[in-house]
Structure formats: C-alpha cells, structure tokens
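Here are my notes for you, point by point. Keep the model open while you read and find each residue as it comes up.

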Amino acid sequence: INTAKKKILTTELCRITRECLGKGENWVMTSYEEHASLAFQGSDENIAYIEVKAFGTPSASGTEQMTAQVCKLVEKELGVPASRTYISYFATNNWGWNGNNF
C-alpha cells in the first residue's frame with residue numbers, strides 16, 4: 001500500500017470510527033501490515049484482517065455499522081471483497097497512554 005493510499009484509508013477510518021463508535025480522530029491509531037501470510041478457505045487471494053481495539057465496550061449497533069462501512073472502504077480502496085474482509089473487535093477498560101491509564 002503506498003503512502004497516498006494509507007492516507008486515504010486513515011482519513012476514512014478516523015471518520016468511520018467517529019461516526020460509528022464515537023471515538024474522535026485524536027484517539028484513532030492505524031497500522032498497516034503488508035504481505036502478511038493470511039489464507040481463508042484454502043486461498044490467499046485478496047484478503048483483509050482488521051482489528052479494532054477500543055477503550056470501553058462499543059455498542060453492537062456501532063460495530064455493525066462500522067463493519068459495513070469498513071468493508072465498503074476496503075473493497076473500494078484495496079479491491080478486497082466484503083466476503084474476504086474480517087474484522088475483530090476487542091474492548092478493554094485498561095488502556096495506557098502518556099504515562100497513565102484511562
């Protein structure tokens with residue numbers, strides 16, 4: 001993924017996270033791992049695995065909306081169909097930043 005594509009993805013992921021989970025851009029961190037060894041149903045063709053780690057527990061409706069929007073984004077920008085995009089949500093009440101825990 002080139003730098004311009006990462007910028008588009010990051011901007012859109014920040015927007016989606018704000019709209020769906022109520023998390024502002026100042027609290028969104030993105031990371032991209034290219035060339036990961038992933039396969040599903042015996043195929044490594046166009047696949048995406050996304051982890052969303054959130055402080056607190058996001059609502060089921062928020063994660064449902066986020067999944068739909070992220071799948072559309074990944075298909076549009078990376079060519080990975082929704083049927084090959086997997087999103088895991090991890091909630092925590094223990095998150096540290098800037099020398100303190102929330």
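1. T17 sits in helix α1; helices here are DSSP runs of H or I with at least four residues, strands are runs of E with at least two, and both are numbered from the N terminus. T17 is buried, at 10% relative accessible area (buried means under 20%, exposed over 50%, partly exposed in between, with a 1.4 Å probe and protein chains only). Setting aside its neighbours within four places in sequence, T17 is in contact with G22, K23, V28 and M66, where contact means heavy atoms within 4.5 Å.

2. Before going further, a word on what you're looking at. This is a predicted model, so local features need pLDDT of at least 70 and side-chain atom pairs count only at pLDDT 80 or more, while totals for chains, interfaces and linings use all residues. Residues are numbered from 1 along each chain as its sequence is written, and side-chain values use heavy atoms, with hydrogens and water left out.

3. Now for the charges. How many salt bridges does a search of the whole structure find? The search gives five, a salt bridge being a side-chain nitrogen of Lys or Arg within 4 Å of a carboxyl oxygen of Asp or Glu. Take E77 and K5, whose closest N and O atoms are 2.9 Å apart. E77 belongs to helix α2 and K5 to helix α1, so this pair ties together parts that are 72 residues apart in sequence. E77 is buried, with a relative accessible area of 15%, whereas K5 is partly exposed at 23%.

4. Stay with helix α1 for another pair. R15 and E12 form a salt bridge at 2.8 Å, N to O. Both lie in helix α1, three residues apart, which is about one turn of the helix. R15 has a relative accessible area of 25% and is partly exposed; E12 is partly exposed too, at 25%.

5. Next, the rings. A pair of aromatic rings is described by the distance of the centres and the angle of the planes. The rule used here takes rings of Phe, Tyr and Trp (its six-membered ring) and pairs them if their centres lie within 6.5 Å; planes under 30 degrees apart are stacked, over 60 edge-to-face, and the rest tilted. That gives five aromatic pairs. One of them is W27 with W97, edge-to-face, with 5.2 Å between centres and 80 degrees between planes. W27 is in the loop between α1 (3-21) and β1 (48-55), and W97 is in strand β3 (residues 96-97), so the pair links distant parts of the chain, 70 residues apart. W27 counts as exposed, at 53% relative accessibility. Together, W27, F55, W97 and F102 make one aromatic cluster.

6. Finally, have a look at the largest pocket, which holds about 1,600 Å³ of space. (On a 1 Å grid over the protein atoms alone, a pocket is an open set of points where a 1.4 Å probe fits, with protein on both sides within 12 Å along at least five of seven lines; lining residues have an atom within 4 Å of a point.) Of its 40 lining residues, M29, T30, S31, I50 and E51 are the closest to the centre. Strand β1 gives the most to this lining, with eight residues. E51 is partly exposed, at 41% relative accessibility, and forms a salt bridge with K53 (3.4 Å, N to O).

Key:
Points joined across faces, edges and corners; volume = space filled by probe spheres on them.
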